[in-house]
Structure formats: structure tokens, C-alpha cells
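Colleague: I am new to this structure and would like to learn how to read its features. Could we go through a few of them together?

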Amino acid sequence: MKKIILGCAILAIAGYLGIVGYIYHYDQQRQPATADSDINAILTKHGCDYCHTQSAELPFYASLPVAKQLMQYDIKTGSRHFDLNPTLNALRQDGAVPEVDLAKMEAVLQSGEMPPLRYKVVHWSGELGDADRQTLLNWIRAQRERFYTRPGTPEALRGQALQPLPESLPTDAQKVALGFRLFHDPRLSADNSISCAHCHQLGAGGVDGRVTSLGVNDQHGPINAPTVFNAALNFSQFWDGRAADLQQQAGGPPLNPIEMASTSWEQIIGKLDQDARLKADFQRVYADGFSGDNITDAIAEFEKTLLTPDSPFDRYLKGDDSALTAQQKRGYQLFRDNKCGTCHTGENLGGQSYEVMGLKADYFADRGNLTEADNGRYNVTKNEADRHRFKTPTLRNVALTAPYFHDGSVTSLHQAVKDMLKYQVGVTLPDSDVDDLVALLDGMTGKYQPSAPPAN
């Protein structure tokens with residue numbers, strides 16, 4: 001009997017090793033499914049698309065016991081953390097890979113976290129060699145230099161994930177002057193009581209300090225008002241990204257029944273048209289005069305000037321080692337160790353991607369009382385994968401913009417950091433470490449230099 005059992009065991013092991021050997025051969029022979037690209041070939045050869053896209057053709061062994069369960073888990077978690085499709089599409093088109101995608105790939109390449117061990121148990125060819133790893137890291141740097149580095153950037157900063165804010169953006173001075181006036185003009189609201197500056201106070205971090213803003217007749221909005229400072233550097237506008245740019249965003253609140261509550265642009269223009277000075281100034285810049293498109297274009301042009309450069313963190317990035325305190329430098333190391341810069345990246349330290357709120361722990365189950373606003377990006381796309389995804393907020397001036405998160409549920413920056421570590425990173429740090437991170441965030445407060453208001 002013992003000989004029979006031993007024989008069966010040997011056959012089972014031999015069969016398993018045979019399957020594994022075939023899997024290894026299968027994966028090694030796998031060819032890239034898109035254009036002839038070294039980067040695409042590396043990503044495809046190592047099966048990154050298996051877990052991080054919904055379109056990859058899975059290998060035959062994906063239906064085998066054990067392998068099936070492992071792959072299903074990897075696909076579920078992989079697609080929640082990172083979608084590789086934008087990167088693959090950019091490779092096909094020789095275009096820009098999203099900035100956050102570069103940061104995420106760089107982080108896991110440097111840490112060696114990808115591919116995970118459970119993946120390599122099934123895919124023996126999943127192991128990423130040093131040569132391929134370095135090729136990918138060099139490509140990431142080249143992508144940043146090509147698409148995300150401004151002219152005149154110091155050599156030490158070229159190709160880096162985090163960049164200082166530019167001092168200014170190109171604008172039309174005449175449009176900026178009109179936009180300044182319109183941004184502060186309450187006639188955009190139905191009862192002439194609320195302007196854009198009502199919720200985006202330029203002397204208070206670009207926010208109003210409320211959980212949710214108050215609109216006409218003191219109606220409460222459904223979501224926390226994000227800062228208007230540096231919003232020109234976001235890849236989309238609003239928490240759910242429903243506006244593609246500043247002009248689209250500027251057109252939302254005036255006609256929102258809870259916010260400014262005007263019924264139409266004709267209603268707004270009827271009031272502005274009675275202001276002879278503004279009308280004349282407007283027609284000098286816009287030949288066709290007042291229109292919804294022209295009004296929002298002017299407001300958007302003004303908002304491009306709402307930059308806050310020259311923070312201590314910016315000066316540190318530029319090479320001034322004394323710009324940050326010892327505590328802030330410890331905070332910066334913790335910031336890197338916990339991969340905060342994979343989402344809060346680029347010039348704006350955020351605003352470049354939609355991320356799941358509660359990646360490592362269920363934020364909404366803990367908080368309770370779900371609202372429609374909690375659906376996030378799902379409200380725009382109706383794609384279930386986008387439920388609870390929100391545009392990552394900027395960390396710039398974050399010390400000035402309490403309360404925090406889309407729901408305004410946290411009033412202290414210390415607690416906000418603890419919550420992000422718990423729900424997004426999956427770690428708990430000592431209070432002293434949290435204090436160091438908060439000190440770093442304080443160092444991200446920049447300087448707004450308002451343009452001189454137009455003469456009356």
C-alpha cells in the first residue's frame with residue numbers, strides 16, 4: 001500500500017512539474033499583442049496585462065484548479081489598483097503615458113513588489129530581470145522628460161516624479177482682467193447673492209472652510225468644495241471629473257439649482273447687459289459680446305493665474321536643502337516610503353488620476369450613511385469599476401483647506417493623514433511619524449501673488 005501511495009505521489013508531482021514546465025514555456029513564447037515596442041514587449045512577456053487589463057487573452061491554464069483561483073484574485077485586485085490600458089494605448093500611439101501611471105510603475109519597480117509572489121507561483125516567467133527592470137525605469141524617466149518637464153528645468157529635476165510649480169502659465173491679460181471681475185460678480189447667481197469667490201475664497205486657501213458649501217437660499221451642496229488654487233494643473237475638474245477643463249467647470253455652478261441657481265445664461269446676461277462699463281470692456285475683448293462660452297472662457301483665464309509657487313517644498317526640490325526643517329525631511333522620507341507620491345505626483349502633487357477611496361480598507365463601511373456623491377466617478381461613467389473613485393486632490397496648500405476629503409468629514413490634517421495611511425496605504429504609523437508627515441504638508445503651502453484688480 002505504501003508503495004502504491006508513493007507511486008501516486010511521484011506521478012502527481014511529475015504531472016504537476018510537467019504542467020508547470022509547459023506553462024513556463026508558454027509564457028516565455030508569448031508575443032506582444034500590439035505594436036513592435038520594447039516596452040510593450042516587456043510588459044506583455046511578463047504578463048502585466050493579465051491582471052491590469054480586462055482585455056488580455058488569458059492562458060489555457062487559467063481554468064485549472066488552484067491557478068484559476070490565484071489568477072482570479074490577482075485580476076480582481078490588480079484592476080482595482082492599476083489599469084494598464086492607458087499605458088498600452090499610449091505605446092500604440094507614441095503618446096504620453098499618464099503621469100500617475102508612470103509613478104505607480106516606478107514605485108513597484110524600485111521596491112520589487114511586482115510581480116507579486118503569488119503570481120510567480122503560477123507564472124514562472126513572471127520574474128522581472130534586472131535588465132528589463134532598468135529598461136522600464138529608463139523609459140519612465142524618458143517619458144517624463146519628453147511630456148512632463150518644462151523648458152528650463154534644472155538637470156537634477158528632469159525626469160523626476162515631483163516637480164515644483166511653475167511661476168505662471170501663459171494667459172491673455174485682458175481676459176484675465178474680465179475673469180477677475182466675473183469671478184467676484186454675484187450677478188451670476190439668481191438672487192445676486194453669491195459669486196464664485198463665495199465658495200472659493202482667495203484669502204482662505206481657495207475654499208470656504210465648510211463641510212459643504214451654501215448656495216442660494218442657504219441650500220447645502222452635496223460635496224466639499226475643492227480649492228481653486230492650482231486647479232489649472234488638474235487633468236479634469238470636480239471630484240468626479242465631469243468637467244474636462246476650467247471653462248467647463250466654470251459653467252457648472254451658475255446654472256446649478258443648489259449653488260448659484262440661475263435658470264439660464266440669458267438670465268445672467270440680461271443683468272450683465274445693464275452694466276454699460278462691463279459691457280463695453282467685454283466687447284473690446286470678445287467681439288460677439290456676452291455669451292455663456294465667453295463668460296466662462298474669461299473666468300477660466302483668470303483661474304489660470306491662481307498659482308501658488310515658491311513653497312518651502314518647491315525650494316527644496318530646486319536644491320535648497322535648508323528650505324525644509326529636519327522634521328519635514330523625515331516626513332518626506334515617510335512620504336516616499338509609503339508611496340504617497342504615486343497618486344500625489346507631478347507639479348500639482350495630485351489632480352492627475354481617479355483613485356478608489358478605501359483601497360486597503362472599506363472607508364464607506366466604517367463611515368456609513370452613503371450618499372449619491374459618494375459614488376464618485378461612477379456618477380459620470382456608470383462603470384461599476386469607478387464606484388467610490390475620486391479625482392486625487394492636490395496636496396498644495398492642504399494645511400489651509402480643511403475640512404478634508406470629498407465629504408468634508410475630517411477637520412484636522414493629522415487625522416486626515418492617519419486616515420489616508422489606513423484606507424489607502426494599509427498601514428498604521430506612530431503619532432510622531434504622522435506629525436512628521438503633517439510638517440511636510442505644511443511645507444507645501446505656497447504663495448499666491450494676486451494680479452492687480454482692474455481699474456474701475
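Colleague: Which residues is Asp 374 in contact with, leaving aside its neighbours within four places in sequence?

Modeller: In this predicted model, Asp 374 is in contact with Phe 364, Arg 367, Asn 369, His 388, Phe 390 and His 406, once neighbours within four places in sequence are left aside. Asp 374 lies in the loop between H18 and helix H19 (378-381), and its side chain reaches the backbone nitrogen of Thr 371 at 2.8 Å.

Colleague: Is Asp 374 buried or exposed?

Modeller: Buried means under 20% relative accessible area, and Asp 374, with a relative accessible area of 2%, is therefore buried.

Colleague: How should I read a helix, and which residues of H9 are buried?

Modeller: An α-helix has 3.6 residues a turn, so residues three or four places apart point the same way. In helix H9 (residues 173-183), the buried residues are Val 176, Leu 178, Gly 179, Leu 182 and Phe 183. They lie on the same side of H9 because they cover an arc of only 165° around the axis. The face turned away from that buried side carries the exposed residues Ala 173 and Gln 174, while Asp 172 caps the N-terminal end of H9, with a side-chain oxygen 3.0 Å from the backbone nitrogen of Gln 174.

Colleague: Which residues touch the most other members of the largest nonpolar core?

Modeller: In soluble globular proteins, nonpolar side chains tend to be buried together. Here the largest nonpolar core has 32 residues, of which Phe 313, Phe 335 and Met 444 touch the most other members. A second, separate core of 29 residues includes Leu 202, Ala 250, Ile 295 and Tyr 448.

Note on methods: Residues numbered from 1 in each chain as written. Predicted model: local features only at pLDDT ≥ 70, side-chain atom pairs only at ≥ 80, totals over all residues. Heavy atoms only, no water. Buried < 20%, exposed > 50% of the residue type's maximum accessible area, 1.4 Å probe, protein only. Helix = DSSP H or I, 4+ residues; strand = E, 2+ residues; numbered from the N terminus. Arc of directions from axis to C-beta. Polar contact = N/O pair within 3.5 Å; in protein donor to acceptor, adjacent residues only side chain to side chain. Core = buried A, V, L, I, M, F, W, Y, C linked by side-chain atoms within 4.5 Å. Contact = heavy atoms within 4.5 Å.
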